[in-house]
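Visitor: I have not looked at this structure before. Could you take me through it by question and answer?

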Amino acid sequence: MLNDCLFCAIMAGEIPSTKVYEDEYVYAFRDINPVAPVHVLVVPKVHIPSALALTEQNSMYVAKCFEAIEKIARAEGLEGGFRVINNCGEDGGQSVMHLHFHLIGGTKLGEKLI
């Protein structure tokens, strides 16, 4: 974990969060500025800066994140559907440079992303 990474600090317990899921690979918590009734951030426990930093050695964490997303979605009652978003890099809207996925649902979402 990196000392200057917000998500690493959250996972280390240095910054409070509302945890919704945790296993040995993934930590998931409620977004502090939700855009829908359910807005959970799903974060790998290893520091990967963005989707552009994925390698053959660390890509299994993406699979683990999506396995967790399925469990969280069911626990949150999102059987009718949800959206998963990854922002990559400054131009992609990534504000925390630690790979993460937004699980958004709990309301009918439009077809357009922006």
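Visitor: How far is the sulfur of Cys-65 from the closest cysteine sulfur?
Guide: This is a predicted model, in which local features need pLDDT of at least 70, side-chain atom pairs count only at pLDDT 80 or more, and totals for chains, interfaces and linings use all residues. Residues are numbered from 1 along each chain as its sequence is written, and side-chain values use heavy atoms, with hydrogens and water left out. A disulfide is a pair of cysteine sulfur atoms within 2.5 Å. The closest sulfur to that of Cys-65 is in Cys-8, too far for a bond, at 13 Å.

Visitor: How many disulfides does the structure hold?
Guide: The sulfur of Cys-88 is too far for a bond as well, since its closest cysteine sulfur, in Cys-65, is 14 Å away. The number of disulfides in the structure is zero.

Visitor: Is Cys-65 buried or exposed?
Guide: Buried means under 20% relative accessible area, exposed over 50%, and partly exposed in between (1.4 Å probe, protein chains only). Cys-88, at 27%, is partly exposed. Cys-65 has a relative accessibility of 0%, so Cys-65 counts as buried.

Visitor: Which residues have the most contacts inside the largest nonpolar core?
Guide: A nonpolar core is a set of buried Ala, Val, Leu, Ile, Met, Phe, Trp, Tyr and Cys residues joined through side-chain atoms within 4.5 Å. The largest one has 18 residues, and those with the most contacts inside it are Val-40, Val-42, Ile-72 and Phe-101.

Visitor: Which element gives the largest share of this core?
Guide: Helices (H or I, at least four residues) and strands (E, at least two) are DSSP runs, numbered from the N terminus. At least two core residues come from each of β2, β3, α2 (60–75) and β5. The largest share, seven residues, is from α2.

Visitor: Why is strand β3 largely enclosed by the rest of the structure?
Guide: On one side of β3, Val-38, Val-40, Val-42 and Pro-44 are buried, and on the other His-39, Leu-41 and Val-43 are too. Strand β3 (residues 38–44) is therefore largely enclosed, the count of buried residues being seven of the seven.

Visitor: Which residue in β5 does His-39 stand opposite?
Guide: Two strands pair if DSSP finds at least two bridges between them. Strand β3 runs antiparallel to β2 (residues 26–30), with five bridges, and five bridges also join β3 to β5 (residues 101–105), again antiparallel. In β5, the residue opposite His-39 is Ile-104.

Visitor: Which residue meets Glu-76 in a salt bridge?
Guide: A salt bridge is a side-chain nitrogen of Lys or Arg within 4 Å of a carboxyl oxygen of Asp or Glu. Glu-76 lies in the loop between α2 and β4 (82–85). At 2.7 Å, N to O, its side chain meets that of Arg-30.

Visitor: How many residues apart in sequence are the parts tied together by Glu-76 and Arg-30?
Guide: Glu-76, at 25% relative accessibility, is partly exposed, and so is Arg-30, at 31%. Because Glu-76 is in the loop and Arg-30 in strand β2, the pair ties together parts whose separation in residues is 46.

Visitor: How many salt bridges does a search of the whole structure find?
Guide: In helix α2, Lys-64 and Glu-67 are three residues apart, about one turn, and their side chains meet at 3.6 Å, N to O. Elsewhere, a network of salt bridges links Lys-19, Glu-22 and Lys-45. The search of the whole structure gives a total of five.
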